[in-house]
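We will go stop by stop, with something to select at each one.

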Amino acid sequence: MSAAHQLVVLIDPVARRIDGESVRIAKDVLCAGAQAKICWPQGPEEFARALARRAGRRTVLVGDDQALLRTVTLLHKERELDRGPLALVPVGAADSLELARSLGVPLGAVAAARAALDGTGRRLDLLVDDSDQVVIGALRIPAMGPPVARPEPPSVWGAARSLVRTLVRAPAPVAAAVAHRLRVEADGKLLSDLDRPVAGVSVASADGLAQVVVHGRTGERVRAAARAVTISGPVGGFRYRADQTVAGPVRTRTWTALAGAWELVLPT
């Protein structure tokens, strides 16, 4: 039996509480199509142990965007992102599945479970910051606005380009009126400094690089593609939204693009 049909299925406890019926349906479809080991971890330590024991099986996560982020972050920290593809069956409230949607993962339990069984692993980029936290979609400063877009791309490569185009759009008009003093460097090249207030900054990974847009207060934009982006703020620091998580305040932070760092199973 191939590794694709030997599964370890990790069911996030939040998914069970929010939509137990979708969890049951996904489990039934997966078990009907493969030899599946079902894991019901109750906390972070149990989850980490179950993930570590996958032993070459295709890993299927049943949960929302936050569960996906925790899983990818844990695999990155353990330096195990390259040990096989990860499949996702999205289960949760609609606004907690925006990242899954943008990546091209089917949102229905049956369709997503079938994709986990029969889909193909595609390599995707990541951003990793200097505290070893992962960004799958994009980050924004200031920490406001929707975390990700809602494109319906025909392919994963189209998804990456569409995601970047949407994520680096200008912040909402209310944000444009606010001055944010930020120093932005892309591979050492200065894009903006503290003496020139901006409306915000957007960063997303695509084509193996960090795609940076500095949004000016009057609508102008400065764009760059770089391997590493460093953003610094004033003494009080700045907050930022990375995928669905708000972090900070921090005085300075560097994000590095990792090309093809992980593999996500998507419909063939």
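In which strand is Pro249 found? Select residues 245-250 and you have the answer: Pro249 is found in strand 15. Before going on, keep in mind that this is a predicted model.

**Stop 1: two cis peptide bonds**

The peptide bond from Gly248 to Pro249 is cis, and its omega is near 5 degrees. Now jump to Ile141 and Pro142. The bond from Ile141 to Pro142 is also cis, with omega near 5 degrees. Pro142 sits in the loop between strand 7 (138-141) and helix 7 (156-167).

His180 belongs to the loop between helix 8 (173-176) and strand 8. Leaving aside residues up to four places away in sequence, His180 touches Pro142, Pro197, Val198 and Ala199. Is His180 buried or exposed? Its relative accessibility is 19%, and the cut-off for buried is under 20%, so His180 counts as buried.

**Stop 2**

Next, select residues 238-242, which make up strand 14. Four of the five residues of this strand are buried, so strand 14 is largely enclosed by the rest of the structure.

Now show its partners. Strand 7 runs antiparallel to strand 14, and two bridges join them. To see where they face each other, pick Leu139, which stands opposite Ala242 in strand 14. Strand 15 pairs with strand 14 too, in the antiparallel sense and over four bridges. Pick Arg241 here, and look for its bridge partner, Val246, in strand 15.

Asp243 has 2% relative accessibility and so counts as buried.

For another positive phi in a residue other than glycine, select Asp187, where phi is near 50 degrees. You will find Asp187 in the loop between strand 8 (183-186) and strand 9 (189-192).

**Stop 3: the aromatic cluster**

How many aromatic pairs does a search of the whole structure find? It finds two. Start with Phe238 and Tyr240: their ring centres are 6.2 Å apart and their planes meet at 50 degrees, so this pair is tilted. Both Phe238 and Tyr240 are buried.

Tyr240 in strand 14 and Trp255 in strand 16 are 15 residues apart, and their pair links distant parts of the chain. Both Tyr240 and Trp255 are buried. Keep the three rings on screen together: Phe238, Tyr240 and Trp255 form one aromatic cluster.

**Stop 4: helix 4**

Select residues 65-77. This is helix 4, with 13 residues and a reach of 18 Å from its first C-alpha to its last, close to the 18 Å expected at 1.5 Å a residue.

Zoom in on the start of the helix. There, a side-chain oxygen of Asp64 reaches to within 3.2 Å of the backbone nitrogen of Gln66. At the other end, the helix is followed by Arg79, whose phi is positive, near 55 degrees.

Next, colour the buried residues of helix 4: Asp65, Ala67, Leu68, Leu69, Thr71, Val72, Thr73, Leu75 and His76.

**Stop 5**

In soluble globular proteins, nonpolar side chains tend to be buried together. The largest nonpolar core here has 28 residues, and those with the most contacts inside it are Leu68, Val72, Leu103, Ile136 and Trp262. Elements that each supply at least two residues of this core include strand 1 (6-11), helix 3 (44-52), helix 5 (98-103) and strand 16 (252-266). Which element gives the largest share? Helix 4 does, with five residues.

To look around inside, centre on Leu68. Not counting residues up to four places away in sequence, Leu68 touches Leu61, Leu86, Leu88, Leu99, Leu103, Ile136 and Trp262.

Technical notes. Residues are numbered from 1 along each chain as its sequence is written. This is a predicted model: local features need pLDDT of at least 70, side-chain atom pairs count only at pLDDT 80 or more; totals for chains, interfaces and linings use all residues. Side-chain values use heavy atoms; hydrogens and water are left out. The expected span of a helix is 1.5 Å times one less than its number of residues. Buried means under 20% relative accessible area, exposed over 50%, partly exposed in between (1.4 Å probe, protein chains only). A polar contact is a pair of N or O atoms within 3.5 Å; within protein, one must be able to donate a hydrogen and the other to accept it, and residues adjacent in sequence count only if both atoms are side-chain atoms. A nonpolar core is a set of buried Ala, Val, Leu, Ile, Met, Phe, Trp, Tyr and Cys residues joined through side-chain atoms within 4.5 Å. Contact means heavy atoms within 4.5 Å. Two strands pair if DSSP finds at least two bridges between them. Rings of Phe, Tyr and Trp (its six-membered ring) pair if their centres lie within 6.5 Å; planes under 30 degrees apart count as stacked, over 60 as edge-to-face and the rest as tilted.
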